[in-house]
Amino acid sequence: MDRDTLRAYDRDAAGFAEDWETQPAPSDMQALILEHFTPGLTADIGCGSGRDAAWMNANGFETIGYDASEGLLAEARRRHPGVPFEQAALPGLEGMDDGQFQNVLCETVIMHLPPTDIPASVSRLIDVLKPGGALYLSWRITEGADRRDEFGRLYGAFDASLVLDALAGADIVLDQQSVSASSAKVVRRLIARRRQSSRTG
């Protein structure tokens with residue numbers, strides 16, 4: 001995770017969490033999860049306030065939320081005490097085992113990474129899936145050059161080939177660009193399924 005982005009989240013975790021929790025429900029994302037995820041242990045990577053982890057847990061997907069920000073994890077635990085939350089950061093996701101999860105959600109996280117970390121991060125998201133498991137991966141589109149918002153958060157303007165090339169061990173079953181029902185920002189979404197015999201890294 002970009003250090004300035006992480007500092008921004010830790011500095012005002014309560015404010016960011018309140019904003020996310022009061023946004024409109026991400027009905028478009030939820031519909032894709034219900035269509036493509038199957039019951040089993042699920043990871044929410046970059047869980048933020050815990051909103052999406054709590055929704056998945058309530059809708060038949062046993063979910064663990066992970067975030068790099070200790071401040072956001074404290075907010076998630078306070079707001080959603082029935083869901084487990086743990087610290088982990090891309091690209092390494094230390095503490096997670098290969099093949100641990102049936103499903104992985106990584107919603108609008110990777111644009112906060114230095115572009116050089118994106119291929120390894122995407123490969124790692126596939127590695128922690130069981131064979132046949134599903135990854136939902138999305139990122140906010142930034143045109144032109146990288147930029148930082150007023151809080152100092154990085155929004156990387158990277159070529160999608162960094163992601164697509166890293167998904168060599170998976171089958172992409174959905175690839176779309178649309179306006180998020182929750183944030184009203186333009187995002188690109190992929191659903192990828194790990195091949196039964198895939199080896200990544």
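Reader: How many salt bridges does the structure hold?
Author: This is a predicted model, and the structure in it holds eleven salt bridges.

Reader: And which residue does D98 pair up with?
Author: D98 forms a salt bridge with R124, and the closest N and O atoms of the two are 2.5 Å apart. The pair links distant parts of the chain, since D98 sits in the loop between strand 3 (85–87) and strand 4 (101–106), while R124 belongs to helix 6 (residues 118–127), 26 residues apart.

Reader: Is D98 buried or exposed?
Author: D98 counts as exposed because its relative accessibility is 56%, whereas R124, at 14%, counts as buried.

Reader: What about R153, which residue is its partner?
Author: R153 forms a salt bridge with D149, with 2.7 Å between the closest N and O atoms, and both R153 and D149 are buried.

Reader: Which residues are linked in a network of salt bridges?
Author: That network of salt bridges links E18, E75, R78 and R79.

Reader: Changing topic to helix 2, which of its residues are buried?
Author: In helix 2, which covers residues 13–22, the buried residues are A13, F16, A17 and W20. Seen down the helix axis, these buried residues fall within an arc of 100°, so they line one face of helix 2.

Reader: Why would residues a few places apart end up pointing the same way?
Author: An α-helix has 3.6 residues a turn, so residues three or four places apart point the same way.

Reader: What do the buried residues of helix 2 pack against?
Author: The buried residues of helix 2 pack against helix 1 (3–11), helix 4 (51–58) and helix 5 (70–79).

Key:
Residues numbered from 1 in each chain as written. Predicted model: local features only at pLDDT ≥ 70, side-chain atom pairs only at ≥ 80, totals over all residues. Heavy atoms only, no water. Buried < 20%, exposed > 50% of the residue type's maximum accessible area, 1.4 Å probe, protein only. Helix = DSSP H or I, 4+ residues; strand = E, 2+ residues; numbered from the N terminus. Arc of directions from axis to C-beta. Contact = heavy atoms within 4.5 Å. Salt bridge = Lys/Arg side-chain N within 4 Å of Asp/Glu carboxyl O.
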